[in-house]
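Subject: Structure handover

Hello,

Here is the structure for your files. My notes on it follow below.

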Amino acid sequence: MKKDITSIFKPHLVPKEVYKGGKNIPPTNTKIYKLSSNENPLGASPKAVAAMKAALDKIDIYPDQTDIRLCEALVKDFDGQLSADQFLCGNSGSEVIDMLLRAFINEGDEVIFSNPCFLPYAVFSRWYGAKQVDIPLLAPNYELNVEGILSAITEKTKIIFLTSPNNPTGTYIPKSVMDDFIARVPKNIVIVFDEVYRHFADAPDYVTALPYVLEGHNVIGLNSFSKTYGLAGQRIGYGYTTATIANYVRLIHKPFLLPLTSIEAAIGALNDTEFVEETVQTVLEGRKCIAKAFDELGIKYWPSQANFFIIDPPLPEMEFTDKMMEQGIMVRPVSQFGAPGKVRITIGDTEANEALIRAFHRIIP
């Protein structure tokens, strides 16, 4: 029997849906407002940029062999509540997700997530032969289906992905719901709590992964420097968890993993509290302004705890996206994220938000 190279391909690595990030601004002389990728409306942290520039004369040598310096900086950022060996850093939050899946998933294991959500939970888990169990968020408010998830847990369940605030819906998981959920999840399951947008959450009952990690639960708080700190181009993220889990996952942490400029930029950004405060204030003010405009225009949207909104557009999603682009506004259809017909719009600075509102007025039928 004749065989070719495809005969040794892994059966779970077959062409399927892949994660595609938001598009970049196309070459044009027209002013374009990129409100499609949830990037920082103010740009990058000035202290991060200065730290990167200072490191440029050292890029001919290898960077730090480990992530210890950044971990130590994160200890300070978390006010000493965690130790350095409780952090794991990688080239973006997405890579930390990949590391966790490599560490815990064998072929045939199960991963639970809740659509609409960040597509890499499903895409990355497929790379390792995991069975993907989707327990969708509950309509109409995109609430976590706690009972559905608990009922879906089997002996093969290894990881549960939760996101708060959630991408692409902007919704969050209240503390009372998290308390109840964590108390009922078996102790041999890892909960990955994606809190990338945590700085923008101002709900009184919002909670991060931190209190659960401090209590010793098998929870991993996933974070990124792409949003609040404006370092999307440097691709750097981190997670924090119990020392037991972190030290285990660190066994597959590659040496010299983080570029020197990324390490220095991240450390600089953590020291830039003024920039973080200005970013958060800009987003919160923009969130109120855009929500008010949506109310006046009759646009269906979901209250957001993040730096974006998800909406029911006044036109079919792709037609709406194209018409917004004609007005110089880039937005993101999110059918790929499990929200068919919906569109995600990033909150920008004052100029971008005003341009967005003008565009709505022009295209609404």
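Ser 92 is buried, at a relative accessible area of 5%; buried stands for under 20% relative accessible area, exposed for over 50%, and partly exposed for what lies in between, with a 1.4 Å probe and protein chains only. This is a predicted model, in which local features need pLDDT of at least 70 and side-chain atom pairs count only at pLDDT 80 or more, while totals for chains, interfaces and linings use all residues. Residues are numbered from 1 along each chain as its sequence is written, and side-chain values use heavy atoms, with hydrogens and water left out.

Backbone exceptions

Most residues other than glycine have a negative phi, and most peptide bonds are trans. Ser 92 has a positive phi of about 100° although it is not a glycine, and its place is the loop between β2 (87-90) and α3 (93-104). Helices (H or I, at least four residues) and strands (E, at least two) are DSSP runs, numbered from the N terminus. Arg 235, not a glycine either, has a positive phi of about 50°. Arg 235 sits in the loop between β7 (219-224) and β8 (237-240) and counts as partly exposed, at 37% relative accessibility.

There are also cis peptide bonds to note. One joins Asn 115 and Pro 116, with omega about 0°; Pro 116 is in the loop between β3 and α4. Another joins Ala 139 and Pro 140, again with omega about 0°; Pro 140 is in the loop between β4 and α5 (146-152).

The sheet

Seven strands make up an open sheet with mixed pairing, in the order β2-β8-β7-β6-β5-β3-β4. Two strands pair if DSSP finds at least two bridges between them. β2 and β4 are the edge strands, each with a single partner strand, so one side of each has no neighbour in the sheet. On average, neighbouring strands of this sheet are turned by 20° against each other, direction ignored. Axes here are lines fitted to C-alpha atoms, for helices over the stretch in contact, and angles run from 0 to 180 degrees between N-to-C directions.

Helix α2 (residues 68-77) lies across β2 and β8 and runs at about 125° to β2. Contact, for this and what follows, means heavy atoms within 4.5 Å.

Strand β3 and its partners

What is buried in strand β3 (residues 110-113)? Glu 110 and Ile 112 on one side and Val 111 and Phe 113 on the other are all buried, which leaves both faces covered. β3 pairs with strand β4 (residues 131-134) in the parallel sense over four bridges, and Gln 132 in β4 is the bridge partner of Val 111. From β3 the chain passes through helix α4 (residues 120-127) to β4, a right-handed β-α-β crossover. Right-handed is said when, with the strands pointing away from the viewer, the path from the first strand over the helix to the second runs clockwise.

β3 also pairs with strand β5 (residues 157-163), in the parallel sense over three bridges. In β5, Ile 160 is the bridge partner of Ile 112, and Ile 159 stands opposite Val 111.

The buried ones are Pro 120, Tyr 121, Ala 122, Val 123, Phe 124, Ser 125 and Arg 126. Their cover includes α3, β3, β4, β5 and β6 (190-194). In helix α3 is Ser 94, which counts as buried at 16% relative accessibility. Not counting residues up to four places away in sequence, Ser 94 touches Phe 118 and Phe 124. Just after α4, Gly 129 takes a positive phi of about 75°.

A helix pair

Helix α10 (residues 273-297) and helix α12 (residues 350-363) pack at an angle of about 10°, their axes 10 Å apart. That makes α10 roughly parallel to α12; angles under 35 degrees count as roughly parallel, over 145 as roughly antiparallel, 65 to 115 as roughly perpendicular and the rest as oblique.

In α10, Gly 286, Cys 289, Ile 290, Ala 293, Phe 294 and Leu 297 meet Asn 353, Leu 356, Ile 357, Phe 360 and His 361 in α12. The residues of this contact divide into eight nonpolar, three polar and no charged. Nonpolar covers Ala, Val, Leu, Ile, Met, Phe, Trp, Tyr, Cys and Pro, charged covers Asp, Glu, Lys and Arg, and the others, Gly among them, are polar.

Regards
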